[in-house]
Amino acid sequence: MAPWCVQRHAHLLLARVCRVQESWYEPRFPAMPILRHQLVFTTAAPIEFIDLTEPVRTWVRSAGVREGLLTVTSPHTTARITRNEREPELQRDMVRFLERLAPAGDDYGHNVAPVDDRLNAHAHLLGLFMPAAETIPVADGEVVLGGWQALFLVELDGPRERREVQLQLTWPG
C-alpha cells in the first residue's frame, strides 16, 4: 500500500481511502442502515454493576431488526461495558476484586491535581482492564448472549447523577 493510502473504519467495514492524483477515491458499499439509542442511568455506589440486559433487549426487539450487530458503548472513561454472569454473590465478589485491584485511597499522581475535583485515579486505572464497548450479534430479532451472560454498565467512580450508554444497531441494507 502506498504511504498516502490510509485505512479508516466505515460502519464496521474497513474501507481504503487512497489519494489518486489530487482527488480522493472511496469504494462504495451497499447501504448499511444504522439505528442509535441512548440509555441513561443514575449510579448509587462507588463501584456498581448495572444490568443493561433487559433495556437493551427491549430496544432491539422494538427496532424490528432480524439480523445485525449491536454495539453497546460507554462514552465515560470511568464507566465500562462488560458481559458476565448475573448472580448476586458473584457481583459482590467482582466489586470486592475491583476494590482490591486499585484501591481508592492509594497515592496516585492523578489525584494531586484532578481535572474535575474527583479523586478518581483508581477508577481510570480499573478502566484499563475493561472494554468501553461490546459488539453483540442480533439473530432472529434477539440479542445473542450465552445462557448465563448478562450485559453490564460497570460504574467505577460513583455515585454519579448521569451515566449514558450508547446503543448502535447495524444490519445489511
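Mentor: Here is a walk through the salt bridges, one group at a time.

The model is a predicted one. The structure holds 12 salt bridges. Start with helix α1, which spans residues 53-63. There, the side chains of E54 and R57 form a salt bridge, with N and O 3.3 Å apart. E54 and R57 lie 3 residues apart in the helix, so about one helical turn separates them. E54 is partly exposed, because its relative accessibility is 41%.

Now take R61. R61 pairs with E142 in a salt bridge. Their closest N and O atoms are 3.0 Å apart. This pair links distant parts of the chain. R61 sits in helix α1, while E142 belongs to strand β9, residues 142-143. The two are 81 residues apart. R61 has 43% relative accessibility, so R61 counts as partly exposed. E142 is at 31%, so E142 is partly exposed too.

Next comes D157 with R160. Their side chains meet in a salt bridge at 2.5 Å, N to O. Are these residues buried or exposed? D157 is buried, because its relative accessible area is 6%. R160 is at 19% relative accessibility. The cut-off for buried is under 20%, so R160 counts as buried.

Salt bridges link E89, R92, D93 and R96 in a network.

Methods. Residues are numbered from 1 along each chain as its sequence is written. This is a predicted model: local features need pLDDT of at least 70, side-chain atom pairs count only at pLDDT 80 or more; totals for chains, interfaces and linings use all residues. Side-chain values use heavy atoms; hydrogens and water are left out. A salt bridge is a side-chain nitrogen of Lys or Arg within 4 Å of a carboxyl oxygen of Asp or Glu. Helices (H or I, at least four residues) and strands (E, at least two) are DSSP runs, numbered from the N terminus. Buried means under 20% relative accessible area, exposed over 50%, partly exposed in between (1.4 Å probe, protein chains only).
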